[in-house]
Amino acid sequence: MKKYVCVVCGYVYDPELGDPDNGVSEGTPWENVPEDWVCPLCGVGKDQFEAQE
C-alpha cells in the first residue's frame, strides 16, 4: 500500500500503521481514511497529502 505525505509538515501516513490515536485502525488504506481526518502534526486535511513514490 502506498504511503501519503503531508505537503505542509512532512508527516507520513503509513496504511500499515494507520493513526490509532486519531481513530484510524492499522491496515486502513488511504481511500478509507475518513474525509474529516486531519494531519496529527499540523492539522491540515487529506487534500494536503500526496502519494509517496
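**View 1. Cys-39 sits in the loop between S2 and S3.** What you're looking at is a predicted model, in which local features need pLDDT of at least 70, side-chain atom pairs count only at pLDDT 80 or more, and totals for chains, interfaces and linings use all residues. Residues are numbered from 1 along each chain as its sequence is written, and side-chain values use heavy atoms, with hydrogens and water left out. The strand labels come from DSSP runs numbered from the N terminus (E, at least two residues, for a strand; H or I, at least four, for a helix). Cys-39 has a relative accessibility of 2%, so it counts as buried; the cut-offs are under 20% relative accessible area for buried, over 50% for exposed and partly exposed in between, using a 1.4 Å probe and protein chains only. Not counting residues up to four places away in sequence, Cys-39 touches Cys-6, Cys-9, Tyr-11, Val-44 and Phe-49, where contact means heavy atoms within 4.5 Å.

**View 2. Here are the four cysteines listed by UniProt as a "binding site".** The unreviewed entry gives Cys-6, Cys-9, Cys-39 and Cys-42; UniProt positions follow the numbering used here, feature names are shortened, and annotations may be inferred rather than shown by experiment. They span 37 residues in sequence, but no two of their C-alpha atoms are more than 8.9 Å apart, so they gather at one spot. Cys-9 belongs to the loop between S1 and S2 and is partly exposed at 34% relative accessible area. Leaving aside neighbours within four places in sequence, Cys-9 contacts Cys-39, Leu-41 and Cys-42. How many disulfides turn up in the whole structure? The search finds zero, a disulfide being a pair of cysteine sulfur atoms within 2.5 Å. For Cys-9, the nearest cysteine sulfur is that of Cys-39, 3.7 Å away.

**View 3. Three strands make an open antiparallel sheet, ordered S2-S1-S3.** Strands S2 (12-13) and S3 (49-51) are at the edges with a single partner strand each, so one side of each has no neighbour in the sheet. Two strands count as paired if DSSP finds at least two bridges between them; S1 (residues 4-6) and S3 pair over three bridges, in the antiparallel sense.

**View 4. The largest nonpolar core has 11 residues.** Its members are Tyr-4, Cys-6, Tyr-11, Tyr-13, Val-24, Trp-30, Val-33, Trp-37, Cys-39, Val-44 and Phe-49. Such a core is a set of buried Ala, Val, Leu, Ile, Met, Phe, Trp, Tyr and Cys residues joined through side-chain atoms within 4.5 Å. Zoom in on Trp-30: apart from neighbours within four places in sequence, Trp-30 is in contact with Tyr-4, Tyr-13, Trp-37, Lys-46 and Phe-49.

**View 5. Lys-46 is a buried lysine in the loop between S2 and S3.** Its relative accessible area is 11%. What does the Lys-46 side chain make a polar contact with? The side chain of Glu-35, at 3.4 Å. A polar contact here is a pair of N or O atoms within 3.5 Å; within protein, one must be able to donate a hydrogen and the other to accept it, and residues adjacent in sequence count only if both atoms are side-chain atoms. A polar atom of the Lys-46 side chain also lies 2.9 Å from the backbone oxygen of Val-33. Beyond four places in sequence, Lys-46 touches residues including Trp-30, Glu-31, Pro-34 and Trp-37.
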